[in-house]
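Here are some notes on the salt bridges, for reading with the structure open. Please go through the points in order.

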Amino acid sequence: MGGPLGAIIGRYPTAAGGDGDGQIGGGGGGAGGGSGIIRHNRKCRDLVFLVIFIAFWVAMIVNSSFGFNQGNPLRLTYGLDYKGNVCGNRHAKPDLRELMVRYWVNPNQVYLSGIENSQFNLADARSICLMECPVPSEDGLNWVCDYPEGDIRLPMDDWINRDYDYYEFLTSEMRNSSLQLQGPCYPVIFPSVNVYWSCQFIARASNVSLKHWQQMGGVNIDENIIIDKTIHRAINSPSPVLKRYVADVGKAWPVLIVCGGILPVFLSVIWLLMIRHFVAGMTWITVILFNALVISVTMFYYTKAGWIGNDALSVVIGEHDPYIHISGREINHIRAVAVLMTIVMIIAFLSSLAIIRRILIATSVLKVAAKVIGEVQALIIFPILPYVILAVFYMFWFSAALHLFSSGQILRNDCGGNCCSFDLKSNKINCDNCCGYRIHYTRNIGISILFHLFGCYWATQFIIACSSTVIAGSVASYYWARGEISQEIPFLPVFSSMKRLLRYSLGSVALGSLVVSIVEWVRFILEALRRRLRHSDPAPVTCTGKFMSSSSQCCLGCIDWIIKSVNRNAYIMIAITGKGFSKASAIATGLIMNNILRIGKVNVIGDVILYLGKLCVSLFCALFAFLMLDTHKYKSAHNKISSPLFPVLVTWGLGYIVATLFFAVVEMSIDTIILSFCQDAEEHQGTAQYAPPLLMETLDGQGEMQRLTQGS
């Protein structure tokens, strides 16, 4: 019976010689002595989508150039002083390269900003950048003075060496102004600790310092827990937390390179070599190792959440006062992920028990893939090429992302007064233009960030799809030569398959990756809308509402999984037939539906084991990232990260993507051989002629067929 590929596969007579494209003839297929399998006339497909992809890349470059031009990643970590300078910025005036900690010099302004219904905001309180948070004197009164300028002719280095104190150089007018908390010098009355590069006041005034202040005739200073809570609330609001998470990725770039780039390559190659030489035990090793890694990562989250041991996430840099325990959103996020990992751990263990009976089936399928890898040995090293391309892309993308997230405009607030201070340049108290600054993010910046995120996903899917298509073309060459390396197969089938992809099928791959990206982003947008509606509507969600929400998410997840599966099979048929994406999808779907009982369970179990293998690699990378981030380098000074959560999650994602590139060798080998087997059987009245003996034993044995059809 003629299958859906009747006009393509098995219908062309073998021609002598080659056409320079690496297209081959499958030998000995019938009475005629053979039939052409990949050899047929090809032409460029889906060119419109290739043009769209190229135009999209041009837009990505333009969008990124905007970020590089307008952004400053320092804004994600450090705050603004009263002049609108970013702390730590060497290009600021004055030079702030060593001054990275923001300190609010006027405690009464901090108090005023924390009063309910107050029109004064903390952003308008006078703040300067220091090297470290000041502490009250134990036997007198310390001062923190404004940046030296005007009549105060003191170099910045001397100002820093004097602990920011030049009170003794002030004129009587300046001293009277300082006693009114209008500067240029301000008393250090409250202890403070460095929390995410902002000096968090501790609402407990120093008795000694306060007594000296009162004896000097200083104005009354408000003492209240509001001083503590005001800064704490500003530091832990959602926007600063998100900025710190993004900044953490930039600070932890060595971890991303080692654990998200180098380590997964090493582990993936080791896994492929073990599949090649030790396939019988790899399924059991993968399942056991997966469960061990899930448990290990879960325990690390428990440790960072403070539920195990005393290694809870610390938001304080350096020594701190034991009077206060500071807990922010980062701790809550760590604890939420710890609970989620507990659920994943339980599900993983129960799922492992459920598939134990089917592991032998997966072993049989992996043996077929191992034989292919052994024969077409270039497949083991081929993923290095897309990996290098992806690595270069990610270095560019992460750099552009940091600049886009920090590309807002620095604008002065409109505070309406209450911020008078002594201006050293004009040598008088100034109540005009004394409001603070803010970073203003326009709607266009938000759209640019979303566009940049979408571009990352589409480019990743495109590179993975190209890699999969090349692998599929190489494996198809192996299958249709009766599982033997012969003269009819090109000497380097991988490069021949790559040439066919670049010459004919890039548009089809661009279309397939675009479809997956759009579906993923529809899910993302709907989930974001659902969360916003839930927060905007204070009414409790009914059981029906929860059921509808869960059902819709489940349906979207199933659609996404189906599309990814169809795409993978479509790439196989594109590699074999040279058809466009839509036609190749229809052909692949028809083959699978006609042979669902024959291949369904075998393919599913094999995919599960490969999925667990990719999770093993990515979880090991996440575990190693935890260990690297737990060192002194990332717990102190400028490299301190606010939370290991985001760098670990990014490392896990990078590890999974890299593992996907390498595991596609096995994954696409299995799928390509199974699809080729189905067509081979349809072309030859139910009995495959080109299938290697090992595959025949796996799929056509009576015992195996009985297990597949009866599910025993």
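1. Some terms come first. A residue is called buried under 20% relative accessible area, exposed over 50%, and partly exposed in between, using a 1.4 Å probe and protein chains only. A salt bridge is a side-chain nitrogen of Lys or Arg within 4 Å of a carboxyl oxygen of Asp or Glu.

2. The model is predicted, so local features need pLDDT of at least 70 and side-chain atom pairs count only at pLDDT 80 or more, while totals for chains, interfaces and linings use all residues. Residues are numbered from 1 along each chain as its sequence is written, and side-chain values use heavy atoms, with hydrogens and water left out.

3. How many salt bridges does the rule give? The count is seven.

4. D146 and R126 form a salt bridge, at 2.9 Å from N to O. The two residues are 20 apart and link distant parts of the chain: D146 is in the loop between β5 (143-145) and α3 (156-161), and R126 is in the loop between α2 (107-114) and β4 (127-130). Helices (H or I, at least four residues) and strands (E, at least two) are DSSP runs, numbered from the N terminus. D146 is buried at 3% relative accessible area, and R126 is buried at 10%.

5. D95 and R97 also pair, with 2.8 Å from N to O. D95 is partly exposed at 31%, and R97 is partly exposed at 40%.

6. R162 and E168 form a salt bridge whose closest N and O atoms are 2.7 Å apart.

7. Salt bridges with shared partners join R568, K614, E667 and D671 into one network.
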